[in-house]
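Have the model open and follow along.

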Amino acid sequence: MSTSVSSGSTPLAGMPSAASLASSPGAPPLVASSPEDDGAIASYRRAAPASAWLPRVRAPRAMLAASLGIGVLAEVLLDRPRWGVSFPLVVAALLGTLVLLGGREGWQRARPNAWLAAPLLVSSGFVAVRASSWLLALNLLASGALLLLLTHFWAAGRVQRLGLVGYPLAALTSAFRSLLYPPAIVRDSVDLKLARTHAPRLLPFARGLLIALPVLGVFAVLLASADAAFSVALGRLFDVDGWSLLGSTLGRVVGAGFSACVAAAVLGQSLRRRKGQEMGEVEVKPALPRLGLTEALTLILAVDALFLAFAGFQVAYLFIGGASSPAEGYTYATYARRGFFELLLVSMLTLGLVMALARWTRRESPLAQGVFRVGTSLMVALTLVIVASAVKRMTLYEDAFGYTRLRLFTHVFMYALGAVLTWRAVTLWWRPERFAIGAFVTALGAVLAVNAINPDALIVRLNIARATDPSGPDLGYLSGLSADAVPELVRGLDLKDARNAALLDGYAERQPTDGAWPEWNLADSRARRALHEAGVSGR
């Protein structure tokens, strides 16, 4: 009886396996490997991660080259006293590189969330349009948050599936995880084994240099003492300011490296290899209700009754009565400012209460669902009256004391809060899971709206229009506004008045001179043109 053994069968008992023979010291290979096998083994070794805590990277060398290119571009465009058109150009270059590196497959995954790129480009573009420091900070913050969300959702998920807390959580998670990609890209792109191989050859040279330096120092001192001309030449050599020669170059290298790390983090996180489900890949499941309908309705009706009584007083005094004077015992400042912040807090707490009740209240029948929706919708409607009361109080305060940036930004926030409350009422009856994305879009709309209205120019226009004092508006406050306000100042002020002329002279003195094209800003350009047409000369 013969026994045949196939090539893929288990070795017979007592016979060593091919793997054991190959792994034994000095053992010759059993079978000569082909070039294809060697290539496959080398590819596997390159793909194997060198560190367990670093992620795997797609096309690491292409990503490293792209990151270095963006780093150099950002250093050239952004290493300037002012950011203008340079910032949106860097953002556009980063998005374009992301699309090119991801290819068709990456775009197919990113397409459902690619709309985030539109508000990102708009908010970054406003950096080249507005000159206000408040708007600059707001636009940079919005651009950073949108970029973090885009890097998270470029590879997977749907942004509309997040809950309200999911947006800041996704941005923070993306920020921390992206920090792992710059070292991972370097690890997968650079042959560290080759560097370790050649490192021992450099150690003798370094040791020789350390030995030579003190010897050269002693001989240089003696020779300088022996010859005056040599001493003068040596002194000139040491008088050279090395930092002035190398400091700027070193600073540019560090800046380009930092920008390259940011680009590598964004590209690596966006084109990452996903492991399991991530935030936004599944719809947020509603929590198990724990509060009975009776308890919830008791709370809702009690709050509705209180809000209804308060709303009646507000409508009777602020809207029907006209509020020609502050309430008895109050000045405009105490009545408007103190009442405003308390009403603002009540509105925000009510929004949180409605969200909590909708999440935790049991509604086991259509009738219970309808009663709950009616009660909470009434609460939201009465809260909108409170928001309107807060806006009215702020308007009274502005009519009495003028407009400022903080008051104008507060107006925009209150309108945005009213829009969120209205959307909450809509989602009580239709698509409750879409409340978070509506609130997110409202926040983006508020950022774009405050840029569109140009707060500094609007402040000038409104303060000049409401000025009842013969001396005119508060020029001290107007002098601290940005270049956004200059065209309105030239248009609205009487330039024959010496104080107004001095105000514009101050703007002309502070106006930055024409720099390189990356620093170009629309507000600065319009301000220079308005001052030139008004005959105001600066520096």
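Start at leucine 150: setting aside neighbours within four places in sequence, it is in contact (heavy atoms within 4.5 Å) with Leu95, Asn113, Leu116, Ala117 and Leu120. Bear in mind that this is a predicted model, where local features need pLDDT of at least 70, side-chain atom pairs count only at pLDDT 80 or more, and totals for chains, interfaces and linings use all residues. Residues are numbered from 1 along each chain as its sequence is written, and side-chain values use heavy atoms, with hydrogens and water left out.

Now zoom out to the largest nonpolar core, which has 41 residues. A core here is a set of buried Ala, Val, Leu, Ile, Met, Phe, Trp, Tyr and Cys residues joined through side-chain atoms within 4.5 Å, and buried means under 20% relative accessible area with a 1.4 Å probe, protein chains only. Leu116, Leu149, Leu150, Tyr167 and Phe440 have the most contacts inside this core. Several helices (DSSP runs of H or I, at least four residues, numbered from the N terminus) each supply at least two of its residues, including H3 (60–78), H6 (133–153) and H16 (435–452). The largest share, 7 residues, comes from H4. There's also a second, separate core of 31 residues, with Ile300, Val380, Ala390 and Leu421 among them.

What about empty space? Rolling a probe the size of a water molecule over the atoms shows where it is left. Among the residues lining the largest cavity are Val129, Arg130, Asp484 and Arg526.

Technical notes
Buried means under 20% relative accessible area, exposed over 50%, partly exposed in between (1.4 Å probe, protein chains only). On a 1 Å grid over the protein atoms alone, a cavity is a set of points where a 1.4 Å probe fits but cannot get out, and a pocket is an open set with protein on both sides within 12 Å along at least five of seven lines; lining residues have an atom within 4 Å of a point.
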